[in-house]
Amino acid sequence: MVRRFLLCAALFAAAACSGIPDLDLVNMVLPLGVDVNTRVAESLAWDEANAPVNINVAPVGYRFAVCSDVHANPGEKPQRFSAFMNGDYGEFYLMLGDLVGKTGGMDVAYSEMAGTTGFVVVGNHDLFFHNWEAWRQYFNTSTYYFTVTSTASKDLFIMLDSASGTLGEKQTDWLRGVFRDIRPGCDRCFVATHTNILKTDNSQTPSNNFPLEETWLLLDLFARNGVSAVFTGHDHCRDVSVFNGVTYVTLDDIKDSTPNASYLMVSVPANPADACSLTFKEF
């Protein structure tokens, strides 16, 4: 409690000295305005009314890209994100949240994504300034899955809302159901979310890391259900770790000001028994 108070005081003092009008100090240090169970309930209601997306690919394998933490600001053009959108990202891309830096940035980020094939998870910054309604307007849901199929395989992609630093009870129950009902009919399984699971020493406010008990629960669920890889962002660092047969990848941010910023290219072979290839590409 004392540490949080001191952090709040320091942030308010810094903002006052810098004169930054768009810094959402409240949501940086306190729980986000719309709790995760409410977000998940609204997301799942939309999911139930709309069939899951399926992408058909050639039976020779496929590629997809993963990026995270754009932090687009109003009135600015995110050069690296634009380059990513207009470059070779394979059949589709995953965007791991924190599209925006300041209020109004959602318009900037979404305009860059128009006409592309991508799947997005929500980050804590995307909910600052009470932006949940804006998120729903653009992306409809923050908790969902989609599949990628060919004549050789069918792969499952699970997209999770961890913007509050927890999946919450409702989303955890949903995840168990997806593993129970959908996972057995698929070959590979990939999970994408914003909050980092393993790289705890780089953790940020406010979502930080998952609670310890939830971390162990997720690690167990992912291992028991044969998840191939878990993709995360949030901590603005690059890391690849393997735990209980599951590969955990943390991506750095792709802000224009970040040195050596990168995104990830994933090559998925046609044979589900063969390992995927992970390659970081710097801008």
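Trainee: What is the relative accessible area of Cys 276, and how should I read such a value?

Mentor: The general idea is a scale of burial, on which buried means under 20% relative accessible area, exposed means over 50%, and partly exposed lies in between, with a 1.4 Å probe and protein chains only. Cys 276 has a relative accessible area of 25% and is therefore partly exposed, whereas Cys 237, at 10%, is buried. Keep in mind that this is a predicted model, in which local features need pLDDT of at least 70 and side-chain atom pairs count only at pLDDT 80 or more, while totals for chains, interfaces and linings use all residues. Residues are numbered from 1 along each chain as its sequence is written, and side-chain values use heavy atoms, with hydrogens and water left out.

Trainee: How many disulfides does the structure hold?

Mentor: A disulfide is a pair of cysteine sulfur atoms within 2.5 Å, and the structure holds zero of them.

Trainee: How many helices and strands does the protein have, and what share of its residues is buried?

Mentor: Helices (H or I, at least four residues) and strands (E, at least two) are DSSP runs, numbered from the N terminus. Read in that way, the protein has eight helices and twelve strands, and buried residues make up 52% of its 283 residues.

Trainee: Which residues of helix 4 are buried, and what covers them?

Mentor: An α-helix has 3.6 residues a turn, so residues three or four places apart point the same way. In helix 4 (residues 79-86), the buried residues are Arg 80, Phe 81, Ser 82, Phe 84 and Met 85. What covers them includes strand 2 (62-67), strand 3 (92-95), helix 5 (105-113) and strand 11 (262-268).

Trainee: With which strands does strand 5 pair, and in what sense?

Mentor: Strand 5 (residues 144-149) runs parallel to strand 1 (residues 54-56), to which three bridges join it, and Thr 147 in strand 5 is the bridge partner of Asn 54. Strand 5 also pairs with strand 6 (residues 154-159), in the antiparallel sense over six bridges, and the two form a hairpin with four residues between them. Strand 5 is mostly covered, since five of its six residues are buried.

Trainee: Which way do the residues of strand 7 point?

Mentor: In a regular strand the side chains alternate between the two faces of the sheet. In strand 7 (residues 189-192), Cys 189 and Val 191 point one way and Phe 190 and Ala 192 the other way, and all are buried. Strand 7 runs parallel to strand 6, with four bridges joining them, and Phe 157 stands opposite Phe 190.

Trainee: At what angle do helix 5 and helix 6 pack?

Mentor: Axes are lines fitted to C-alpha atoms, for helices over the stretch in contact, and angles run from 0 to 180 degrees between N-to-C directions. Angles under 35 degrees count as roughly parallel, over 145 as roughly antiparallel, 65 to 115 as roughly perpendicular and the rest as oblique. Helix 5 and helix 6 (residues 132-139) pack at about 15 degrees with their axes 11 Å apart, and they are therefore roughly parallel to each other. Contact, meaning heavy atoms within 4.5 Å, is made by Met 106, Asp 107, Tyr 110 and Met 113 of helix 5 and Trp 135, Tyr 138 and Phe 139 of helix 6.

Trainee: At what angle do the axes of helix 3 and helix 7 cross?

Mentor: The axes of helix 3 (36-49) and helix 7 (residues 168-181) come within 6 Å and cross at roughly 45 degrees, so these helices are oblique to each other. Among the residues that meet there are Val 36, Val 40 and Leu 44 in helix 3 and Gly 168 and Trp 174 in helix 7.

Trainee: Where is Asp 35 placed, and how far in space is it from Gly 168?

Mentor: Asp 35 lies in the loop between helix 2 (25-29) and helix 3, and with a relative accessible area of 41% it is partly exposed. Although Asp 35 and Gly 168 are 133 residues apart in sequence, they are 9.0 Å apart in space, C-alpha to C-alpha.

Note on methods:
Two strands pair if DSSP finds at least two bridges between them.
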